[in-house]
Amino acid sequence: MWPCEARKIPAPPSYSGMTPTVAFVLCLCLLPLLPSQLRVDLVFAGRPMRSDVEAAAVREVRRIWSAYGVDVRAVTADTSRDTAVTLSITLIEGDSGAVHTLATTRFVEGQPRPWITMYPDAVASLLSSEYLAIRGCIRWAQSCQDALAGRVLGRALAHELGHYLLRMPGHSAAGLMRAQPPAESLVDEDWRPFRLSTRDARQFAGMRRPPCR
Ligand SMILES: [Zn+2]
């Protein structure tokens with residue numbers, strides 16, 4: 001969830017009595033092995049997006065996750081890849097009930113499900129803020145709105161993808177998996193604040209190596 005209310009996501013009950021180190025090692029042992037080039041197919045559903053917005057969103061997700069060997073694409077039933085992990089991305093009207101929540105990932109019994117919900121109205125509300133400094137394009141031009149909406153949606157989606165790929169219901173102090181990035185950073189052209197933190201990148205790399213013998 002972004003921003004996230006951590007209290008809504010229960011810790012895995014079977015891990016709750018373990019020390020963090022033991023739980024982490026056990027978690028690594030239970031994770032499936034991932035191929036060296038992980039493929040993630042996104043299937044969009046629900047409220048339609050303007051094509052330029054969807055293209056910008058997917059471009060942003062690809063840029064963020066390609067640095068970690070993840071090949072993200074938007075697909076249809078006809079173009080999905082056999083070896084890919086498929087995630088359903090549903091855009092819905094209105095909001096989640098939580099202020100400024102842009103997207104959520106569902107966890108069941110501590111495990112992420114391949115279903116992400118996005119709230120484009122919350123993105124539009126964020127972009128309409130009079131206090132948000134927008135540089136690089138004319139604020140009310142359609143092309144500007146499409147590019148910015150796609151950028152924000154893409155960064156929110158990349159964050160949710162992080163919850164899924166890292167099997168991580170909580171958040172980090174920095175980087176892509178921080179809970180509440182400033183609104184300015186969500187629209188700024190500089191995407192580098194949305195890289196994984198060093199700790200999260202190391203954890204993700206570890207998840208992609210054979211963890212147990
Ligand atoms: Zn989150």
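## Residue Y131 and the basis of the model

Y131 lies in the loop between α3 and α4; helices (H or I, at least four residues) and strands (E, at least two) are DSSP runs, numbered from the N terminus. Y131 counts as exposed because it has 6 C-beta neighbours inside 10 Å. A residue is termed buried if 20 or more other C-beta atoms lie within 10 Å of its own, exposed if 12 or fewer, and partly exposed in between, with C-beta atoms placed from the backbone. The C-alpha atoms of Y131 and A183 are 9.9 Å apart in space, while the two residues are 52 residues apart in sequence.

The model is predicted: local features need pLDDT of at least 70, side-chain atom pairs count only at pLDDT 80 or more, and totals for chains, interfaces and linings use all residues. Residues are numbered from 1 along each chain as its sequence is written.

## Confidence

The protein chain has an average pLDDT of 83, and 79% of the residues score at least 70; pLDDT is the predictor's confidence in each residue, from 0 to 100. Over residues 4–33 pLDDT stays under 50, and the model has 24 contacts beyond four places in sequence for this stretch. Two residues are in contact if their C-beta atoms, placed from the backbone, lie within 7 Å.

## Overall organisation

The protein chain contains six helices and five strands, in the order α-β-α-β-β-β-β-α-α-α-α from the N terminus on. Of its 213 residues, 31% count as buried. Among contacts between residues at least 6 apart in sequence, 76% join residues at least 24 apart.

## The sheet

Five strands form an open sheet in the order β2-β1-β3-β5-β4, with mixed pairing; two strands pair if DSSP finds at least two bridges between them. The edge strands, β2 and β4, each pair on one side only. From one strand to the next, the twist averages 30 degrees.

Seven bridges link β1 and β3 in the parallel sense, and A45 stands opposite T90 in β3. Strand β4 (residues 103–108) runs antiparallel to β5 and is joined to it by five bridges. A103 has M118 of β5 as its bridge partner. β4 and β5 form a hairpin with two residues between them, and E109 in the turn has a positive phi of about 50 degrees.

## Helices against the sheet

α2 lies across β1 and β2, running at about 170 degrees to β2. Axes are lines fitted to C-alpha atoms, for helices over the stretch in contact, and angles run from 0 to 180 degrees between N-to-C directions. α4 also packs on the sheet, where it touches β1, β3, β4 and β5, and its direction makes about 165 degrees with that of β5.

In α3, P120, A122 and V123 are buried. They lie on the same side of α3 because they cover an arc of only 155 degrees around the axis, the arc being that of the directions from the helix axis to the C-beta atoms. The buried residues of α3 pack against β3, β5 and α4.

## The nonpolar core

The largest nonpolar core has 41 residues, of which V61, M118, V152, L153, L157, A158 and L161 touch the most other members. α4 (142–165) is among the elements that each supply at least two residues of this core, as are β1 (38–46), α2 (51–66) and β5 (111–118). α4 gives the most, with eleven residues. Such a core is a set of buried Ala, Val, Leu, Ile, Met, Phe, Trp, Tyr and Cys residues joined through C-beta atoms within 7 Å.

Leaving aside neighbours within four places in sequence, V61 is in contact with V72, G154, L157, A158 and L161.
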